[in-house]
Amino acid sequence: MEPYAQARADTGGVSDHEDDTSPGIVAASLDPKRLREVGKTPDYRFSLANERTFLAWLRTALALVGGGIAVAQFLPKHSLREALAAVLMVVGAACAVRAVVYWTACERAMRLRRDLPASRFPTMLAALVCVGALALLVAVVSGAFQR
Amino acid sequence: MSETQPERTRLAWRRSVLTATVVALLSVRYALHHGPTPWGIALASLIALTWLTFLVGVQRRIRTMDGPSPGAMRPPWPALAGATVVAMALLAGATLW
């Protein structure tokens with residue numbers, strides 16, 4: 001049986017999320033001792049999977065930043081152009097910060113054999129991108145970017 | 001099956017370096033779009049330095065993954081990797097001015 005299934009069976013599937021957003025997460029993402037002070041080291045395959053998820057988020061962050069630069073370089077001159085580019089870069093930076101925090105929270109959850117922390121961030125990012133795309137569609141159709 | 005895990009993770013790091021390279025090149029190009037002004041050159045150098053920090057960190061991480069049971073990333077490396085991406089976002093923002 002997989003260690004996770006075993007742990008779930010042991011605890012009756014009960015999970016406890018009270019530590020997931022504690023200030024200790026920031027300390028644990030900076031100090032290996034703080035991360036290792038709880039639980040047991042999980043199977044390295046789980047840690048590597050967590051690492052790849054972290055990297056997928058870093059690339060999402062970089063893609064948002066790259067999108068911001070593309071907006072600044074390739075859209076016609078417009079008062080909203082720089083603002084739009086800046087928003088994309090800020091969201092990109094937020095994604096990168098969140099990637100680190102979430103990696104640490106997942107690593108800690110795996111050490112404690114708990115369920116992975118639930119997060120609203122992907123939903124909120126998707127909603128934001130959706131609203132932004134619709135706003136841009138309106139801007140393009142209404143000719144706001146034409147000189 | 002389990003032997004492919006470090007390889008997939010290594011490739012994920014390589015893809016991330018490629019993405020960072022594209023972003024860094026686009027930022028440098030935009031930093032210098034008014035010609036080689038002192039501000040533009042300073043920004044371009046900082047972007048290059050940030051990219052290099054990320055690259056060196058990735059090389060070191062990939063090296064620690066050699067071996068039969070590679071361990072998890074050790075803090076503060078994930079935070080440093082995240083910080084280089086945040087720095088890239090800030091420097092890209094600075095090129096707008």
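Biologist: How many residues does H2(B) have, and what length does this helix reach from its first C-alpha to its last?

Modeller: In this predicted model, H2(B) runs over residues 38–64 of chain B. At 1.5 Å a residue, a span of 39 Å is expected for this helix. The model comes close to that, with 27 residues and a reach of 39 Å.

Biologist: Which residues of H2(B) are buried?

Modeller: A residue counts as buried if 20 or more other C-beta atoms lie within 10 Å of its own. The buried residues of H2(B) pack against H1 and H3 of chain B. They are Leu43(B), Ala44(B), Ile47(B), Thr50(B), Trp51(B), Phe54(B) and Val58(B).

Biologist: Are H1(B) and H2(B) roughly parallel or roughly antiparallel?

Modeller: Let's start from the axes of H1(B) and H2(B), which come within 9 Å and cross at roughly 175 degrees. Angles over 145 degrees count as roughly antiparallel. The crossing angle therefore makes H1(B) and H2(B) roughly antiparallel.

Biologist: What kinds of residues make up the contact of H1(B) with H2(B)?

Modeller: On the H1(B) side, the residues include Trp13(B), Val17(B) and Ala24(B). Those from H2(B) include Leu43(B), Trp51(B) and Arg61(B). By kind, the residues of this contact divide into 15 nonpolar, 3 polar and 2 charged.

Biologist: Where in chain B is the cis peptide bond that involves Pro76(B)?

Modeller: The bond joins Pro75(B) and Pro76(B), and its omega is about 5 degrees. As for the place of Pro76(B), it is in the loop between H2 and H3 of chain B.

Biologist: Turning to chain A, how many helices and strands are there?

Modeller: Read from the N terminus on, the elements of chain A run α-α-α-α-α-α. Of its 147 residues, 33% count as buried. The secondary structure comes to 6 helices and 0 strands.

Biologist: What is the arrangement of H4(A) and H5(A)?

Modeller: The axes of these two helices come within 7 Å and cross at roughly 175 degrees. Residues of the contact of H4(A) with H5(A) divide into 21 nonpolar, 6 polar and 4 charged. The crossing angle is over the 145 degrees used as the cut-off, and H4(A) and H5(A) are therefore roughly antiparallel.

Biologist: What distance separates the end C-alpha atoms of H5(A)?

Modeller: H5(A) has 33 residues, so at 1.5 Å a residue it should span 48 Å. The model agrees with that, its end C-alpha atoms being 50 Å apart.

Biologist: How many residues of H6(A) are buried?

Modeller: H6(A) has 21 residues and should therefore span 30 Å at 1.5 Å a residue, which agrees with end C-alpha atoms 30 Å apart. Just after this helix, Gly143(A) takes a positive phi of about 75 degrees. H6(A) is hardly covered, and the count of its buried residues is 0.

Biologist: Which helix gives the largest share of the side of chain B that touches chain A?

Modeller: Here 36 residues of chain B are in contact with 37 residues of chain A. The residues on the chain B side divide into 23 nonpolar, 10 polar and 3 charged. H1 and H3 of chain B are the elements that give two or more residues to this side. The largest share, 15 residues, comes from H1(B).

Conventions:
Residues are numbered from 1 along each chain as its sequence is written. Chains are lettered from A and ligands numbered from 1 in the order in which they are written. This is a predicted model: local features need pLDDT of at least 70, side-chain atom pairs count only at pLDDT 80 or more; totals for chains, interfaces and linings use all residues. Axes are lines fitted to C-alpha atoms, for helices over the stretch in contact, and angles run from 0 to 180 degrees between N-to-C directions. Helices (H or I, at least four residues) and strands (E, at least two) are DSSP runs, numbered from the N terminus. Angles under 35 degrees count as roughly parallel, over 145 as roughly antiparallel, 65 to 115 as roughly perpendicular and the rest as oblique. Two residues are in contact if their C-beta atoms, placed from the backbone, lie within 7 Å. Ala, Val, Leu, Ile, Met, Phe, Trp, Tyr, Cys and Pro count as nonpolar, Asp, Glu, Lys and Arg as charged, and the others, Gly among them, as polar. The expected span of a helix is 1.5 Å times one less than its number of residues. A residue is buried if 20 or more other C-beta atoms lie within 10 Å of its own, exposed if 12 or fewer, and partly exposed in between; C-beta atoms are placed from the backbone.
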